[in-house]
Amino acid sequence: MSTCPTETVATLPESEAARPPARGRHPVVIALALSAGTAALVGAEFIPAGVLPGMAADLAVTEGQAGLTIAATALAGALTAPTIASLLPRTDRRTVLLTLLLLAIISNAIVAVAPTLTVVLAARVLLGIAIAGFWSFALSVGVQVTGKAALVSTTVALGTSTATIIGVPVSSVLGDIIGWRAVFLVISVLTLAAGVVLWRMLPPVPAQPGAGLAMMRAVLTNRRLVLGVAVIFVAAFANFIAYPYIRVAIEEIDAAAVSVLLLAWGLGGLLGNLAGGYLSSRWLRWAATAGPAIFAIALAMLASTDQTWVLAAAVILWGVGFNMVPVTTQLWVSAIEPRRVESAMALQVTAFQVAIMTGAVVGGVLVDSDGPAAAMTLGACVAGLAAIGFASIRVRPRTV
């Protein structure tokens, strides 16, 4: 059954709507800055996937072990996302966002000079904290400040898709030119730029009334939301079994096409983001279903071919399908739990981060033992399960 457009828009709690929220003078600029911050943070999370061979060789570890740098970030994010609002129930959200961006800059700078994998993993924990907190608060803060839920949800999700271009294709090209360590310095500069814009434009943003443990407990009583978050985990897990090793998979079929196909994946991701937003405004349930269904087909194609043209089609479809998932699931959780968006988003972020962590570990084991095709095959099977899961859940906003 399709859903009406009103179900897909994130709204403020009634208690918050009763008082005037802090409003920024330039809502579009603020929304774009939040998007840029999200892109810089999530992009930094996935840089190792684009520079994996060089990083592994420099640190004297296997490619599967180097993939753990993504898992370490995700583990920290998984622990942070559901708890940060409880630890900071009254802290001004502007201060929190700026502090998290600073934490990411420090993390990336440490990685750029780290002598061993152990140091890299420790620094990546800091990045995980920054990503989880920023991603959890960005939607709620943007809605409070701009009053434009559709604008903020679209731009923040666009930042996530843009991160796929920064994180893998562009970092892969730059890594070959300037080295993988310098890529982390570049992303630090981009993070700083987003932070400066937010520092100048974002007004003080008070925490949502009731933010903390009470709000999270209330959200966890929403069974449909909890079930949906479990399916979100399955969809993200399917992707991240394979995604950290996308460059390795392409190189096995056509090493000369790596840079072009990684860029094609990212461009497909932008198309998927736009398609996901458009379709969600009319058929949210089926838009959420389409994403994992498309990249399940793509991963199956990639696992079973040795032809470049099939490889190219699979990579583009993978980009389209997976990048429908962040925007559709963001709108999905805000539609089902419109009164407690901050905590609902925290659960979505937690699902993603746990999926990234476990997916990278499982994928790394498969790649080291059986090659990238095994990771692609498992990812395709799990993505199919996620598509079935989304198709089986009705989207209906909670009213209490």
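Helix α2 passes helix α5 in a left-handed crossing. This is a predicted model, so please hear everything that follows as computed from it. The axes of α2 and α5, the latter being residues 68-80, come within 8 Å and cross at roughly 160°. That angle makes α2 roughly antiparallel to α5, because anything over 145 degrees counts as such. On the α2 side, the contact is made by Glu45, Phe46, Pro48 and Ala49. On the α5 side, Thr69, Ile70, Thr73 and Ala74 take part. Sorted by class, the contact of α2 with α5 has five nonpolar, two polar and one charged residues.

Keep Phe46 in mind from that list. The search of the whole structure finds 13 aromatic pairs. In one of them, phenylalanine 46 and phenylalanine 240 are stacked, with 5.2 Å centre to centre and 15° between the planes. Phenylalanine 46 sits in α2, residues 27-50, and phenylalanine 240 in helix α12, residues 223-242, so the pair ties together parts that are 194 residues apart in sequence.

Phenylalanine 46 has another partner, tyrosine 243. Their ring centres are 5.4 Å apart and their planes stand at 90°, so this pair is edge-to-face. It also links distant parts of the chain: phenylalanine 46 in α2, and tyrosine 243 in the loop between α12 and α13, 197 residues apart. Both phenylalanine 46 and tyrosine 243 are buried.

Which residues make up the aromatic cluster that holds Phe46? Phe46, Trp135, Phe240, Tyr243, Trp265, Phe295, Trp318, Phe322 and Phe352 form one cluster.

Helix α14 covers residues 258-304 and helix α17 covers residues 372-391. They pack at an angle of about 160°, with their axes 8 Å apart. The two helices are therefore roughly antiparallel to each other, and their crossing is left-handed. By class, the contact of α14 with α17 has 18 nonpolar, four polar and one charged residues.

The crossing of α13 and α15 is left-handed.

How accessible is threonine 328? Its relative accessibility is 0%, so threonine 328 counts as buried. Leaving aside residues up to four places away in sequence, threonine 328 touches Gly276, Ser280, Leu284, Ala287 and Ala288.

Next, two positions in loops. Alanine 60 is in the loop between α3 and α4. For background, most residues other than glycine have a negative phi. With 69% relative accessibility, alanine 60 counts as exposed.

The other position is proline 89, in the loop between α6 and α7. Its relative accessibility is 25%, so proline 89 counts as partly exposed. Proline 89 and proline 206 are 117 residues apart in sequence and 9.6 Å apart in space, C-alpha to C-alpha.

Last, the chain as a whole. Its secondary structure comes to 17 helices and zero strands. Of its 400 residues, 58% count as buried. Among contacts between residues at least 6 apart in sequence, 86% join residues at least 24 apart. The pair of phenylalanine 46 and tyrosine 243, at 197 residues apart, is one example of a link between distant parts of the chain.

Definitions and conventions:
Residues numbered from 1 in each chain as written. Predicted model: local features only at pLDDT ≥ 70, side-chain atom pairs only at ≥ 80, totals over all residues. Heavy atoms only, no water. Phe/Tyr/Trp six-rings, centres within 6.5 Å; stacked < 30°, edge-to-face > 60°. Helix = DSSP H or I, 4+ residues; strand = E, 2+ residues; numbered from the N terminus. Buried < 20%, exposed > 50% of the residue type's maximum accessible area, 1.4 Å probe, protein only. Axes fitted to C-alpha atoms, helices over the stretch in contact; angles between N-to-C directions. Parallel < 35°, antiparallel > 145°, perpendicular 65-115°, else oblique. Left-handed = near helix turned anticlockwise from the far one by under 90°. Nonpolar A, V, L, I, M, F, W, Y, C, P; charged D, E, K, R; others polar. Contact = heavy atoms within 4.5 Å.
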